Amino acid sequence: RDRQYQALISDMHNIVPPSLWSKIGDVADAAGRAGQAAFDASYPFRQGARTMVMHPLIWVSIWRPMIKSAVNTKYFAERMTELATRPMANVAHWSGLETLEAGVPLRQGDEFFGNQMLGRIPGYEASNRAYAMAGNVQRHALFDNMVSHWFSAGTDFSAIRSLEDAARVSGRPAQDFQEAARLFNALTGRGSIEWLQKNIKVIGNIIYAPKWLASKAEVYELALNPGLTRSARARPWEVRREAALNLAALPATMTGIAGAGYAAGIWDTDLDPRSTNYLKVRFKGTDTWIDLTFGMGPLIRLVARLTPTRDDKGQWGQHTKTKAGEFVDTEPLNEAMRFGRSQLAPLASTVADFLTGSNFIGERRDWTEAGDYAKAFASTVGPLSWREIITAIKDFSLADGIISTVSLVGGGASTYRTVTTERDRQTEKRFAGKLD
């Protein structure tokens, strides 16, 4: 009923002609985040990365409905109805588990959202449906997998009329259900931190993906004891355990994979969390790095670089390991500012670039130079995944372009060559076979 009510309200809104402000917003959105996040199927290896390791069967189950939703509007609607009418649907809803509809506006603060202007471009709405379906299937399956065990076999869920009823029938406090919903919202990229929810209309226009960003930090909070949380009572042990295992499983698994590939001579990698290339792999002879943290790396690097450690010379302090593999002293304020700027929405980021004279990776942005405006515009528009693939092919090689296609399913890819890499390769070519 709630979903039907939301659909009715949406239809009523669509009858009313859009305001001038709404039209301006659509144009701004299309020139920024909406266009960047579209035209791919990045959910499985980004918001779904932890589930891939912890619950592989659930992760596999999202692919078919995701793909079918992209190509079939009727299937999407039918599958959404199935989710909304399954036995655990009401319990999930009352607990606060989120369900994302296709076409959600920017004001909701999602990484992917509806945009009327881009909706006219073939493929945009398809990728929108794919994103929504993948997240919903995964989120609800994870919730049901845990919470269904709190009820005895044969429970008649149709007789449960409220969260309080669910608590009474299961013998669990209502808060346990809410904490489980918070956990699976966070594990699937839907941060539900209270202050964020209240201010999402403002924050959603400044931060690129506020709920996705918040969800990364919220999982850590959910793994902690309640003394550091908003809860006055003990958080369910199942929630704390699931959060802790998810935090440990992904980096541990990817570290093993990266290390094994390096030992076998398949690729280069760096297992130091202070490194720019932390848990990234680059196949031998190529220049494209694949991020095996699937978007979790920046936060881990920030914490590692701000934590006092020893460098390769045994000196104690805050250290950063560069792309070239050299250790330099971390400047805490600059590091925090760089991380913050990397999380800005495209238009907000462009304004910050021209105010400071450069973007967050150091490229010049001079407001008196017309060429810099062109560069800023080029870096703001267009799907990020396809832009990375085209750049890799154009500036490096076809092989790098092919490797970069992992970004279409959420495997972050970046293609670049350092002076150290070029020097090492030239040395190998010059002395190949002469040093044996």
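**Note on a surface leucine and an open sheet**

1. Leu398 is exposed, its relative accessible area being 57%, where exposed means over 50%, buried under 20% and partly exposed in between, with a 1.4 Å probe and protein chains only. Leu398 is found in helix H21, residues 398-404, helices being DSSP runs (H or I) of at least four residues and strands runs (E) of at least two, numbered from the N terminus.

2. The model is predicted, so that local features need pLDDT of at least 70 and side-chain atom pairs count only at pLDDT 80 or more, whereas totals for chains, interfaces and linings use all residues. Residues are numbered from 1 along each chain as its sequence is written, and side-chain values use heavy atoms, with hydrogens and water left out.

3. The chain's secondary structure comes to 22 helices and 8 strands, and buried residues make up 47% of its 436 residues.

4. An open sheet of 4 strands runs in the order S1-S2-S3-S8 with antiparallel pairing, two strands being paired if DSSP finds at least two bridges between them. Strand S1 (267-269) and strand S8 (413-415) stand at the edges with a single partner strand each, so one side of each is left without a neighbour in the sheet.

5. Strand S3 (residues 288-291) pairs with S8 in the antiparallel sense over 3 bridges, and Trp289 has Ser414 in S8 as its bridge partner.
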